[in-house]
Amino acid sequence: MMNSEKQTYFVDLVSGDILEKPLIEENPNFRIYATEEELADLKLQLEKSHTADLQAHIRSLIPYVPYHKDQPNDQYDASLKHIYAIIYQYGDEE
């Protein structure tokens, strides 16, 4: 059974880390308040974003595929939009 109580987490989109406490050497971009289930959704979206980013990078090495017909890049863009929507929904005012 998952805990339905919201906890504070710190999200660093550069590294893809989600921390319970910010580390001195880390610089989290956002603070969110989420349940374990909501946090699991965010982690899944971060994984999808990372995978799509890798696929887009590989595609970028193929010069004859036009950018506007680039499915991995479209998937990466969609995953980032979903991540920012989650952060907006569960984040604080900062």
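**Exercise 1.** Is K81 buried or exposed?

*Solution.* Before starting, note that this is a predicted model, where local features need pLDDT of at least 70, side-chain atom pairs count only at pLDDT 80 or more, and totals for chains, interfaces and linings use all residues. Residues are numbered from 1 along each chain as its sequence is written, and side-chain values use heavy atoms, leaving out hydrogens and water.

Step 1: find K81 in helix α2. Helices are DSSP runs of H or I with at least four residues, strands are runs of E with at least two, and both are numbered from the N terminus.

Step 2: apply the cut-offs, with buried under 20% relative accessible area, exposed over 50% and partly exposed in between (1.4 Å probe, protein chains only). K81 has a relative accessible area of 64%, so K81 is exposed.

**Exercise 2.** In which order do the three strands of the open sheet lie?

*Solution.* Step 1: the order is β2-β1-β3, with antiparallel pairing; two strands pair if DSSP finds at least two bridges between them.

Step 1: look at the edges. β2 (17-19) and β3 (30-34) each have a single partner strand, so one side of each lacks a neighbour in the sheet.

Step 2: check one pairing. β1 (residues 7-12) and β2 are joined by three bridges, and F10 has L19 as its bridge partner in β2.

**Exercise 3.** How far apart are K81 and Q45 in space?

*Solution.* Along the sequence they are 36 residues apart. In space, the distance is 9.9 Å, C-alpha to C-alpha.
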